[in-house]
Amino acid sequence: QLQFVESGGGLVQPGGSLRLSCAASESTSDYYDIGWFRQAPGKEREGVSCITSMNGLTYYGDSVRGRFTISRDNAKNTVYLQMNSLKPEDTAVYYCAARSRDYSCSLTPFPYHYWGQGTQVTVSS
């Protein structure tokens with residue numbers, strides 16, 4: 001079964017940057033769109049960004065657009081999330097997930113059926 005391992009989280013100061021990695025157990029480029037989600041304590045899981053398999057389109061949530069960038073390295077079976085200008089509000093556990101490919105990806109968790117364990121991102125002074 002498709003599995004993910006997230007890495008790259010940690011503690012950073014406001015305004016800092018982190019690069020998250022999502023390594024898949026098998027190739028996803030032909031069949032899956034990949035999304036990044038996050039969940040802070042007491043809050044619902046929030047869609048951050050996603051990238052499609054069919055056409056490479058990318059989408060971003062309003063709260064991260066202009067600060068975060070999603071990319072895909074198919075040779076490494078890895079999706080990245082570059083996070084710049086981090087804010088305390090970005091503090092959360094970040095998850096990558098996969099859904100069946102489509103012409104566009106979704107920032108709602110429901111269509112995603114394969115999830116990683118998450119990596120903690122803490123933005124604090």
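**Ground rules**

I am working from a predicted model, where local features need pLDDT of at least 70, side-chain atom pairs count only at pLDDT 80 or more, and totals for chains, interfaces and linings use all residues. I number residues from 1 along each chain as its sequence is written, and my side-chain values use heavy atoms, with hydrogens and water left out.

**Entry 1: the fold in outline**

I began with secondary structure, taking helices (H or I, at least four residues) and strands (E, at least two) as DSSP runs, numbered from the N terminus. I got zero helices and 11 strands. Read from the N terminus, the order is therefore plain: β-β-β-β-β-β-β-β-β-β-β.

Next I checked the overall dimensions. The C-alpha atoms fill a box of roughly 40 × 25 × 25 Å along the principal axes. The radius of gyration is taken over C-alpha atoms, and the globule rule is 2.2 Å times the number of residues to the power 0.38. For 125 residues a compact globule would come out near 14 Å, and the chain has 13 Å, so the two agree.

**Entry 2: inside and outside**

I called a residue buried under 20% relative accessible area, exposed over 50%, and partly exposed in between (1.4 Å probe, protein chains only). On that scale 44% of the 125 residues are buried.

For the surface I used accessible areas from the Shrake-Rupley method with a 1.4 Å probe; for residues, only the protein chains shown count as cover. The chain has about 6500 Å² of accessible surface, and carbon and sulfur atoms hold 46% of that.

I then looked at contacts, meaning heavy atoms within 4.5 Å. Taking the contacts between residues at least 6 apart in sequence, I found that 62% join residues at least 24 apart.

Charges came next, with Lys and Arg as positive, Asp and Glu as negative, and His and the chain ends not counted. I placed each charge at NZ of Lys, CZ of Arg, CG of Asp or CD of Glu. There are 11 positive and 11 negative side chains, and the centres of the two sets lie 4 Å apart.

**Entry 3: the disulfides**

How many disulfides does the chain have? Counting pairs of cysteine sulfur atoms within 2.5 Å, I get two.

One joins Cys-22 to Cys-96, with S to S at 2.0 Å. This pair links distant parts of the chain, 74 residues apart: Cys-22 sits in strand β3 (residues 18–24) and Cys-96 in strand β9 (residues 92–100). The torsion about the S-S bond of Cys-22 and Cys-96 is about 75°, so I noted this disulfide as right-handed. Cys-22 and Cys-96 are both buried.

Another joins Cys-50 to Cys-105, also listed with S to S at 2.0 Å. Here too distant parts are linked, 55 residues apart, with Cys-50 in strand β5 (residues 46–51) and Cys-105 in the loop between β9 and β10 (114–115). The link of Cys-50 and Cys-105 is right-handed, with 80° about the S-S bond. I checked burial again, and Cys-50 and Cys-105 are both buried.

Counting bonded cysteines along the chain, I wrote the pattern down as 1-3, 2-4.

**Entry 4: Gln-82**

I picked Gln-82 in strand β8 (residues 78–83). Its relative accessibility is 26%, so Gln-82 counts as partly exposed. What does Gln-82 contact, leaving aside neighbours within four places in sequence? I listed Ser-17, Leu-18, Arg-19, Arg-67, Phe-68 and Thr-69.

**Entry 5: two positive phi angles**

Asn-77 is not a glycine, yet has a positive phi of about 55°. I found Asn-77 in the loop between β7 (68–73) and β8, partly exposed at 24% relative accessibility.

Ser-85, also not a glycine, has a positive phi of about 50°. Ser-85 lies in the loop between β8 and β9 and is partly exposed, with a relative accessible area of 41%.

**Entry 6: Met-54**

I finished on Met-54, in the loop between β5 and β6 (58–60). At 39% relative accessibility, Met-54 counts as partly exposed. Not counting residues up to four places away in sequence, Met-54 touches Asp-33, Arg-101, Asp-102 and Tyr-103. I also noted 8.4 Å between the C-alpha atoms of Met-54 and Tyr-32, which are 22 residues apart along the chain.
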